Amino acid sequence: MSVRVKLPPILQEPSGGVEAPEVNGRTVGECLESLEERFPGIKDYLFDRQGKLLRIFGIYLDADGIYPVELDTPIKDNDEIVILNFLMGG
Amino acid sequence: MRSYTGKLIRINLSNRQSQIEDIPEPLMKNYLGGRGLGVRYLYDELKPGVEPLGADNKLILMMGPLGATTAMSVSRIALVTRSPLTGTIAKSVMGGNFGAYLKFAGFDGIIVEGEADKPTYIHIDKDGIHLLDADELWGLDTQETHAKLRESHGKSTQVACIGPAGEKLVRYAVVISDRRCGGRTGVGTVMGAKKLKAIAVNSSGPLKVYDPEQFKKIAQGLIAELRTSPRRIKMSDFGTSYLTLGFEKMGIFPVKNFQEGQLEGVENIGDAELAKIKTKNDGCYGCMTKCGQVREVTEGTYAGAVSEGPDYETIWSLGGNLANTDRGSLIAADSLCDKLGLDTVSAGNSIGFAYELFQRGIITKKDTDGLELNWGNHANMMKLLAKIASREGFGELLGEGTRRAAEQIGKGAEDYAMQVKGLELPAYEPRAVKGYGLILATSNIGANHMYGRPREDLAGTTDRFADEGKGKAISRAQIGQAVEDSVIQCSFGPVTGLNPESRSQLLVAATGFNEFGDPAYLTQIGERVLCLERSFNVREGFNRKDDTLPKRMLTEPLQNAGPATGQVFRKLDTLLDEYYDALGYTREGIPSTEKLNQLGLEGVAKDIKKLGK
C-alpha cells in the first residue's frame, strides 16, 4: 500500500524539508520503517533507545487518532498518516 | 447572577480581624481574576521595599471567573505575594479542589495580611470566618495536617496548608492542597512567616452562571470533543511523564546540573517504566482527565512509597538532574517533598548545585555533614531533602536557594547556581531551546516553566537554536500564559479543549461581561498583567541587568546533548532588545509611559516616573 505521511516540522529536519513523503506498508509501523529507508536516521527522532515510539508523537490516520494501537493499525489504499508532536508539559 | 461571587475575605493575622469586601466590577473587567486580580491588589497594597517574610507582606489567593463551574479544568487558584526567594513579585497557580470550594463558600479570593503571634489556621464555613489555634497542627506534615483538619471539620473539608519546610522558612516552601502544589517562588514560606498553617473550607455547590443554557451548551460541546481526544487520553494515561524520553532525545532534558543534555539509563524513569507501578489517576476539580498518576513502589529499598507523581519537572529535578535513574527513589522523594512542603524543582536544583560543587571539590564531606554527594546517589538525595526541610546542618544552607547559598560558599560557587533572579531553573535546557531561555531570562518571577511556552521552537516551526528573531513570539507566549493564569484554566491545552474563541464564549456566558467575547480584549488583559508585574519589579529596583541567564548558558557550549550539542547563548542582548521592543518597554526593560497609558495603567506610569525611570 502506498500512503502519504504528513510530517510535523520537527521531523522535516531529517526528511530534508520534505513535508509529506509517499511511503509503503500494510501497517502504520511498516510505513514508518519505509520512512526510515527513504530518510535514514528519521527513526532516531521517532523512537526511544529501546525501539518504542516516543509518546511525544501522536499518529492520526485520516484525521482519526489511533492511540494507543498506533503501529499495528492496518493501512488502506489512499489513507493519509499524520504525525503530530505534543511538546507541552509541566 | 454572574459566576464571580464579587466578594473577597480580608484577614489580618496581627489583630485577628477579618472582613468581607466587594471586588469592584472594573477590576474584574480589567484583570479577569486569578493572577491578574492578585497582581493588581498586590501592586496597589504593598509599599515598595516590604520585607517578604515580614508582617507587611501580603498573601493573596484568587479564583477565576470560570472557577467552580461545570467547564473542564478551570478551577485552579492563583497565589500572589512578594517572593522571599527572589524579591520579585511571585505567582503560583495551584490545582486541586480548594479553589472551587472557596468559591462555593461565596468568595473569589482571600487577602492575608499581618502575622499571627502563634500558629493559626483559618476556617471558613457557613457560619463565618474563624481564626483558630494551630498549635496541634504545627510540625505536622501536609498529609497529617489534612487528616487532622478533616477529623475536626469533616471529611469533605478542603485544605490548603504548609508543611514543616514552610514553618522553618525554607525559601522555596510550597502550599499544598491534597497532592497539588502552589509550587514555586516560596508562597508557602510567606505562609510560614505569618504562622498560618492552613486554610480550611467547608461549603457546597453549585455555582450559578449568567446564562446557564448557553454555558451548558458550550461546556458540554467541549467535553464531548475531549472525550475521545488522543492527546487528552495520553495525558490521562501518563501525565506529563510522556515528555521525558522525547525531550531527552532532543537534548532539552538537563543532566548533572545542566552540564549535559542526555542521560544513560533514562528509560528507567521514562513513561513506560513509571506506568508499570501506576495504581490510579487523580486530579483537579471538574477535570475528566485526572492527569495525576498515583504510583506505588512495590519492591526494593523504597517499597511502599506512594506518590501522585512525579510529573515531568520532578522526574527531572530529582532524577535526571542528579543523574539518578532509580525509579523507586523518585517516587519516594516526590512523596517526601509533598509531605514536607518543598518545591521539588528548587529542591532538586539546589541538590544538583551541591553535587556539582562536590564534583569540583568546592565543597567536601566536611561541608556536607559527612555525605558523599556523587552523581546518582539517591540515598543521600533523600537525606538532603530531609535536612533542607528541617534546616539542619548542610540543609540550612541549601534551604536558602542556590543564589544565597552560592554567596555564602564563595570560591566561585555562583557559576554553578542555575537560577534567574534567585529562582532555580526548571527542566528545560535553555541552550537547546533558545525561546525557553528567553522566557526564563525575562520572567518577572524568575526561572519558572509556567511563564509561557515557546510553542514554535518546540514544534519545530521556528529554529530552536537560532540566536535571533524570538522576541515577538516569546512576548506573545508570556501574554498568553498571563491570560490562562487569570481565567484561570489548566495550562495543558489537551486537557481543557479551550481555544481563544471558545474561551471567550464561555466567559461571556459565565459572567455576562460582553467585553470578554473578544479574544483580543483578553490578550490586552494578559499584556496589562505582564506589564504590571514588571512595574512591581521596577519599583523594587529590577531592570535589564536582572533579565539574564546563568553564566554557563552564555559561555559553555552544551555537552552530550544529541542534536543540541555545542549550543550556547550567543546573543542574549539581541533577544532582550527584540523582547523589550515587542512589549513597548525601554531598552532598560522598563515599561514606557506610552505603553502604560495605552494599557490603562496611568497611575503606574506616574509611579515609574517618580522613580526617575
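Visitor: After which helix of chain B does the segment holding B:Lys613 lie?
Guide: Happy to start there, and please keep in mind that this is a predicted model. B:Lys613 belongs to the segment that comes after residues 602-610 of chain B, and those residues form helix 26.

Visitor: Is B:Lys613 buried, exposed or partly exposed?
Guide: Let's go by its surroundings. Setting aside neighbours within four places in sequence, B:Lys613 has contacts with B:Val538, B:Ile590 and B:Ile608. A residue needs 20 or more C-beta neighbours within 10 Å to be buried, and 12 or fewer to be exposed. B:Lys613 has 17 inside 10 Å, so it counts as partly exposed.

Visitor: How far is the C-alpha atom of B:Lys613 from that of B:Asn268?
Guide: These two residues are 345 residues apart along the chain.

Visitor: Now to another residue: is B:Ala347 buried or exposed?
Guide: B:Ala347 sits in helix 13 of chain B. Leaving out neighbours within four places in sequence, its contacts are B:Tyr172, B:Cys337, B:Leu342, B:Leu385 and B:Ile388. The count of C-beta neighbours inside 10 Å is 31, and therefore B:Ala347 is classed as buried.

Visitor: What separates the C-alpha atoms of B:Ala347 and B:Val170?
Guide: Along the chain, B:Ala347 and B:Val170 are 177 residues apart. Their C-alpha atoms, however, are separated by 9.9 Å.

Visitor: How many of the 16 residues of helix 13 of chain B are buried?
Guide: First, a check on the helix, which runs over residues 344-359: at 1.5 Å a residue it should span 22 Å, and its end C-alpha atoms are 22 Å apart, which agrees. After the helix comes B:Gly361, with a positive phi near 80°. As for cover, helix 13 of chain B is mostly covered, and its buried residues number 15.

Visitor: Why can helix 9 of chain B be called largely enclosed by the rest of the structure?
Guide: The buried residues run from B:Leu243 and B:Thr244 through B:Leu245, B:Gly246, B:Phe247, B:Glu248 and B:Lys249 to B:Met250. They pack against helix 10 and helix 11 of chain B, and the helix is followed by B:Gly251, whose phi is positive, near 80°. Helix 9 of chain B is largely enclosed because the buried residues number eight of the eight.

Visitor: Which helix of chain B gives the largest share of the side that touches chain A?
Guide: In this contact, 28 residues of chain B meet 19 residues of chain A. Elements giving two or more residues to the chain B side are helix 8 (230-238), helix 9 (243-250), helix 10 (271-275), helix 11 (312-317) and helix 18 (455-459). By class, that side has 12 nonpolar, eight polar and eight charged residues. The largest share, five residues, is from helix 8 of chain B.

Visitor: Which helices does the buried part of helix 24 of chain B pack against?
Guide: Helix 24 covers residues 572-583 of chain B; its 12 residues should span 16 Å at 1.5 Å a residue, and its end C-alpha atoms lie 17 Å apart, which agrees. Its buried residues are B:Leu575, B:Leu576, B:Glu578, B:Tyr579, B:Tyr580 and B:Leu583. Following the helix is B:Gly584, whose phi is positive, near 75°. The packing partners of those buried residues are helix 17 (434-442) and helix 19 (471-487) of chain B.

Visitor: What is the handedness of the crossing of helix 2 and helix 22 of chain B?
Guide: Helix 2 (residues 34-45) and helix 22 (residues 519-539) of chain B pack at about 35°, with their axes 10 Å apart. Among the residues that meet are B:Val39 and B:Tyr43 in helix 2 and B:Val529 and B:Phe536 in helix 22. By class, this contact has six nonpolar, two polar and three charged residues. The crossing is left-handed.

Visitor: Finally, how far apart are the C-alpha centres of domain 1 and domain 2 of chain B?
Guide: Chain B is divided into domain 1 (7-201), domain 2 (238-417) and domain 3 (430-610). Between domain 1 and domain 2 of chain B, 32 residues of domain 1 are in contact with 24 of domain 2. The distance between the C-alpha centres of domain 1 and domain 2 of chain B is 27 Å.

Key. Residues numbered from 1 in each chain as written. Chains lettered and ligands numbered in written order. Predicted model: local features only at pLDDT ≥ 70, side-chain atom pairs only at ≥ 80, totals over all residues. Axes fitted to C-alpha atoms, helices over the stretch in contact; angles between N-to-C directions. Helix = DSSP H or I, 4+ residues; strand = E, 2+ residues; numbered from the N terminus. Left-handed = near helix turned anticlockwise from the far one by under 90°. Contact = placed C-beta atoms within 7 Å. Nonpolar A, V, L, I, M, F, W, Y, C, P; charged D, E, K, R; others polar. Domains from an automatic or database assignment. Expected span 1.5 Å × (residues − 1).
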